[in-house]
Amino acid sequence: MAERGAIPLGRDPSARFLPWLMAFMVFVCTLALAGTLALTHVIVRWDRSLATTLTVQIPVNANGGREALLNEALRVVRDTPGIAGASAVSEQRMAALLAPWLGTDEVVRELPLPGLIDVDIGNRSELDMTRLRQRLAGVAPGITVDDHGQWLGRLLTLGRAVQVTTASIALLVLLATVGVVAYTARTGVAVHRRVIELLHLMGARDTFVAGQFARQAGHSGLIGGAAGVAVAAVALMAIGLLGARIDGRLLPAAGLGLLDWAVLLLLPLAGALIARATAWLTVMRTLARLP
């Protein structure tokens with residue numbers, strides 16, 4: 001009876017290149033999947049934070065005194081059905097928000113700043129935006145209400161489009177991996193056809209032969225995948241360090257959690273299982289067609 005390792009698959013040129021190809025594909029797949037996961041977290045945070053908030057702005061040149069108008073607008077907003085709460089934005093906070101673009105806090109404080117009110121929506125179905133705008137217009141002309149939900153939808157659409165693109169890249173890499181493994185397996189059957197025929201004469205079944213190829217492909221996939229995900233992890237950590245140097249107020253935080261890293265670290269195992277299954281099915285189908 002034939003034994004394990006009866007087919008010298010490790011000597012095939014195509015088999016020697018398979019770990020390198022798997023490393024590259026897992027590297028690309030890891031980056032694409034990491035981008036998808038990070039973007040998903042950003043979209044969820046945007047959706048939670050902006051869909052339930054409004055901003056009321058009192059113009060700088062409004063008549064009646066900025067503080068008096070700000071207090072009156074606060075009273076109107078808080079009395080509106082559907083509003084959970086509202087608070088005025090302090091000058092210190094506005095200066096801190098504008099400092100990344102305009103310079104130091106001292107420069108910002110010298111500028112005439114409008115009055116701002118942060119509004120938390122409790123129940124959007126009860127909120128009448130038209131009525132709220134009318135009541136605020138009665139306080140002072142030029143008061144505006146910025147409903148973040150209006151442009152949030154377009155922003156989320158763009159984010160989801162990028163999300164679908166990165167997920168599609170990962171899927172294409174998966175399909176390419178299957179194709180490469182299948183080609184390598186068919187090539188190996190052609191190269192070792194005489195050895196395979198000899199094994200059949202000795203009583204080996206097609207399942208044994210397919211197991212030889214599957215074992216080799218799985219081993220190559222695991223080794224190459226581990227190398228690929230290791231390089232990708234270093235690249236992601238480098239990107240994270242560079243992103244940490246950027247002011248968090250300029251770009252949204254897009255980090256990966258422990259569960260995300262666990263998913264990424266499982267990619268070599270997933271790649272090995274896919275390579276093993278693909279090699280098995282390819283060899284079984286190829287042997288079935290041989291005369």
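Visitor: What share of the 291 residues of the protein chain counts as buried?
Guide: Keep in mind that this is a predicted model. A residue goes into the buried group when its relative accessible area is under 20%. Across the 291 residues of the protein chain, the share that counts as buried is 38%.

Visitor: How many helices and strands does the protein chain have, and in what order do they run?
Guide: The count for the protein chain is ten helices and four strands. Reading from the N terminus, the order is α-β-α-β-α-α-β-α-β-α-α-α-α-α.

Visitor: Let's look at helix α2. What distance separates its end C-alpha atoms?
Guide: Helix α2 covers residues 66-78, which makes 13 residues. At 1.5 Å a residue, it should span 18 Å. The model agrees with that, as the end C-alpha atoms of α2 are apart by 18 Å.

Visitor: Which residues of α2 are buried, and where around the helix do they sit?
Guide: The buried ones in α2 are L69, L70, A73, L74, V76 and V77. Around the axis they cover an arc of only 165°, so they all fall on the same side of α2.

Visitor: Why are E72 and R75 about one helical turn from each other, and what is the N to O distance in their salt bridge?
Guide: E72 and R75 are three residues apart in helix α2, so about one helical turn separates them. E72 is partly exposed, at a relative accessible area of 31%, and R75 is partly exposed too, at 40%. Their side chains meet in a salt bridge with an N to O distance of 2.5 Å.

Visitor: Which residues are linked with R75 in a network of salt bridges?
Guide: R75 also forms a salt bridge with D79, where the closest N and O atoms are 3.4 Å apart. D79 counts as partly exposed, with 46% relative accessibility. Together with R75, the network links E72 and D79.

Visitor: Is A210 buried or exposed, and which residues is it in contact with beyond its neighbours in sequence?
Guide: A210 is part of helix α8 (residues 206-244), and its relative accessibility of 0% makes it buried. The C-alpha atom of A210 is separated by 9.7 Å from that of T286, 76 residues away along the chain. Leaving aside neighbours within four places in sequence, the contacts of A210 are W280, V283 and M284.

Visitor: Which residues form a nonpolar patch on the surface?
Guide: One member, L171, lies in helix α6 (residues 148-191). L171 is partly exposed, with a relative accessible area of 48%. The patch has about 380 Å² of accessible area together, and its residues are L171, L172, L174 and L175.

Key
Residues numbered from 1 in each chain as written. Predicted model: local features only at pLDDT ≥ 70, side-chain atom pairs only at ≥ 80, totals over all residues. Heavy atoms only, no water. Patch = residues over 30% accessible without salt bridge, like charges linked within 9 Å, V, L, I, M, F, W, Y side chains within 5 Å. Areas by Shrake-Rupley, 256 points an atom, 1.4 Å probe, with all protein chains shown as cover. Salt bridge = Lys/Arg side-chain N within 4 Å of Asp/Glu carboxyl O. Helix = DSSP H or I, 4+ residues; strand = E, 2+ residues; numbered from the N terminus. Buried < 20%, exposed > 50% of the residue type's maximum accessible area, 1.4 Å probe, protein only. Expected span 1.5 Å × (residues − 1). Arc of directions from axis to C-beta. Contact = heavy atoms within 4.5 Å.
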